[in-house]
Structure formats: C-alpha cells, structure tokens
Amino acid sequence: MIDHDVIIVGLGPVGALLANFLGQRGHQVVVLERDHDLHDLPRAVHFDGEVMRAFQNAGLATDIENIARASTHGMHFVDQRGETLMIRRSTDGPGPQGWASNWYFHQPDLDAVLRRGITRFKNVEVRLGHEVTRIEEAADRVTVESRNVDQEVQRRSARYLIGCDGSHSIVRRMIDSAHEDLGLHQPWLVVDVITKPGNKRADAIPPYTVQHCDPARPRTRVYVGKRRHRWEIMLLPGEDPEEMVDPKRFWSIVDDTLQPTDGEVERAAIYSFHALIADRWQTQRLFLAGDSCHQTPPFLGQGLCAGVRDAFNLQWKLDLVLRGECAAEILQSYQSERRTHVRAFIELAVRLGRIIQATQSHAVAKRDAVFTSQGTQIFDFPQPRLGRGLHIGEDGGRLLPQPRIAGRLLDRIAQGRFTLISADPPGIELPPHVHYLERNVCEDPTFPPAVLLRPDGYVFGSSKDAATADELLRRMHTVLR
C-alpha cells in the first residue's frame, strides 16, 4: 500500500494543472493516467484571460504564453448573407485579468507544458499506463487499485481523490452521479487543417473565429495559429458520419476558402456536442473536475476553461484542509460554487447554439428579423457569481480584476493566499494564509475601500468602510472554521 495526500485520476489539462497546484503547495500527490503517451492530436483550442490568470498562479504563464496566441479580434457570428449578427468582444492588450482575454493554442503543446511543470516537484508522482480498476471510500481514506501494462496491480491510499478522467469517468460512476441534460445533442464534423507556408488563400483567411449561422450548412472556422485552422461542420439529417470524415467531403464544403492543395487534414472526427452537468460532484473524499462533471458545447470556447476553474477553486481549499488550517467542511462549497457558475456558461453556449444551428426557414427568418431590428450585438464573456459557498455580502463570489501594482500583477504579490486590500492595517492578527495589502497602492477604481480576496481571484467579501475590514477577517474565520 502506497500512501499519498491526494490521488488524481487523469492527466489531461485539468488533472495536470491540479497536480501543479498541489505540488506547488507541498502535498504528496500521485497522478494515475490510463494512456502511455501524450495525446498528439488537437482537441481544445481556446482559453480566456481568467484561465491564463490560473496558469500564472501555477507558475506556468510564461511557458504557456510562448506556445499560445493572444487574439484581439473576438468571435464573429455571421448569417448566410455574410452579415454580422453578433461579435463576442476581445481586448486589445491585457484585459481585466491582467492578460489578453482570448488565447488560441495546440493542445499537445499545452499538455507538454503542464506535464513539464509537474517535474518541478519531487512530491508529485506521475504513473502513465495505469488504469484505475477499483475505488474504495472509507471514513478517513480512499483506496485505489490500478493495473499497469504488465497487468500488475498496485494499491494506493490517500486522504482525497479527484477524478479528472473525462466524460466516461470511472470516478463519476463510483460517486453514482447522473447528468442533468440542458438540451443540446448534435453531431458535428471537426476537422483540423495545417496549411502550407506562403499559401495565398490560407494567408487571406481572417485571423479570428467565425460562426457561420448558415441554414444550408452551419459551421465554425477557428483561426488557431498562423498555419493551424479548425472547421466544425454540423451534420445535416440523413448524412452518413463515415462518409463525412472523408477528406474529399470536407474539401467540397470549404472550397470557397481553401483547396486540397492548400494544406493537409491533420484530423477529421465526428463529435456529438452535449450540454450536461453532473448531479453530484463529490462525496466526502471523492471529487470530480472538468469533463467528468460537465460538458459544454464549443460555441463559446469555454470547455477547457470550465475545468481549469474547477481546479483553481478546489486546490486552495484542499490545501487549507490538508494543512489543518481549516475544517474539512469547507470542501462542501466546491460543488455549490462551481455548479452554479458553470451552468451560466453552458446555458449561454446552448442559446448561441440555437442561433448557429437554426436550419428551419421559420426559425431562421425569426432570428434574422431580430438582429435586423437590433443591429449587430456585441457581448463579452459572462461574469457570473459563484453559487452558495465561501463568500459573503453583495460583492462576495464575484471575480475581481487583477491589476498591476508597482509593476507586479496582484496575484504574484498575494502568492496563493487570501489578500486583504484595505486603507487601514487590520487590528487583529492575520493567520498565515492571509496577506495584507495597502489600498493606496491599488489604483483600480473598481476596488471597494476594503476587500478580502480569495486565492482563486474571487471576492470573499467587501466593505464600504476600510475601518470595518477587521469584520471581514472575523467573518472569514467563522466561515472557514
């Protein structure tokens, strides 16, 4: 029996990031991954500024900045005539989170950075080719059996286990969690193309994502990088999925943009887009994160982002509990906070999907009439509040911007702790997981006179009077204990 603080099942981006966070905080962690090698085909292609802020907190932002592309053009939704219906806005330069609001990347490159990050920590062990076959949860431990390629069985135990093992999660089956269906099930053809250098047609493609709301063929074109492009093409009734993955079929659909001689198809596959949320994300010692507990349609580019937010939310709570600084009951806030938050993103993606996927003439006419009367709509990513959990008051549970203070980003000063930003120093002793920062060094006018910031960038609570900041600390003690 090998003993750990935390066992992570799955070494995709969410599991790898969680391993980096917990390794950074000094905990004994093992990651069990069924596959033997890095998956070398593209999957996720987009993350936002809040996610880059999470990577920054894991000490990986510079490496990820080197393999990703910041986009300033947003996402354009156009109808069958080429008229722009909506634009999901981006930022020209750093946005509210201290980084560009939109990033595009090749997932094998991101996976490689996250896995290299884990090698910084001797307290984190990665076991590739280990398939979890059994999970037993007791009052004080979780025991896991895994089988390697030689059919050898290993038994491990830990205080907590997190399932980051995707949509077919064995951990979710162990928790016995059903899905809430938010009503979108549609097969799409996803094709990744690498264009030839110096190709005129490829170079003429606009450097932003376009959602073609065309009833004859709903489709999405994603400008991933200088030579990397993705098409997502909705299957129409009666179309044979096996026939659709034939490259000849793909080239005939995009022949107004590219020809077969302009590049090569790296991958073509049929995916069913779903909108699902697990009913239960946790028991006493088992937790779910990422695709194991929610699936988001790609129309907002938030699938990976949701999983990263899960990891960012869970890691600091686990840290405080494992260190004995907080009661284990704070972990009960994980599902209640995150489920409400991710639901807002999924519901918006479903609404956008209805706009994009409209093919019936009456639905298309109604849609076009609305946008004709209102003009082009410009919108941002939503900023929903967290659900019920570890926060108080009107501002509690809101994501706080990350300004630069004396040239340093706020979270780099906070270093993974709660941060009290107030004009007056606190009158009570600060615990080791709380940092004090003077309000007058923060020039962002959106900050309240006193605010207590959580380690994940969300507000615990705020006060209109800096003199009452001590009350925020007392309330934090009460909530965390």
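Mentor: In S25, Ser463 is the bridge partner of Ala450. This is a predicted model, in which local features need pLDDT of at least 70, side-chain atom pairs count only at pLDDT 80 or more, and totals for chains, interfaces and linings use all residues. Residues are numbered from 1 along each chain as its sequence is written, and side-chain values use heavy atoms, with hydrogens and water left out.

Trainee: How many bridges pair S24 with strand S25, and in which sense?

Mentor: Two strands pair if DSSP finds at least two bridges between them; strands (E, at least two residues) and helices (H or I, at least four) are DSSP runs numbered from the N terminus. S24 and S25 (residues 459-463) are antiparallel, with four bridges. Their hairpin has five residues between the strands, and Gly457 there takes a positive phi near 90°. Strand S22 (residues 418-422) also runs antiparallel to S24, again through four bridges, and Ile421 has Val451 as its bridge partner in S24.

Trainee: Which residues cover the two faces of S24?

Mentor: Buried means under 20% relative accessible area, exposed over 50%, and partly exposed in between (1.4 Å probe, protein chains only). In S24 (residues 450-453), Ala450 and Leu452 on one side and Val451 and Leu453 on the other are all buried.

Trainee: Why is helix H1 described as largely enclosed?

Mentor: 11 of the 12 residues of H1 are buried, so the rest of the structure largely encloses this helix. Among them are Leu17, Leu18 and Phe21. Just after H1, Gly26 takes a positive phi of about 90°.
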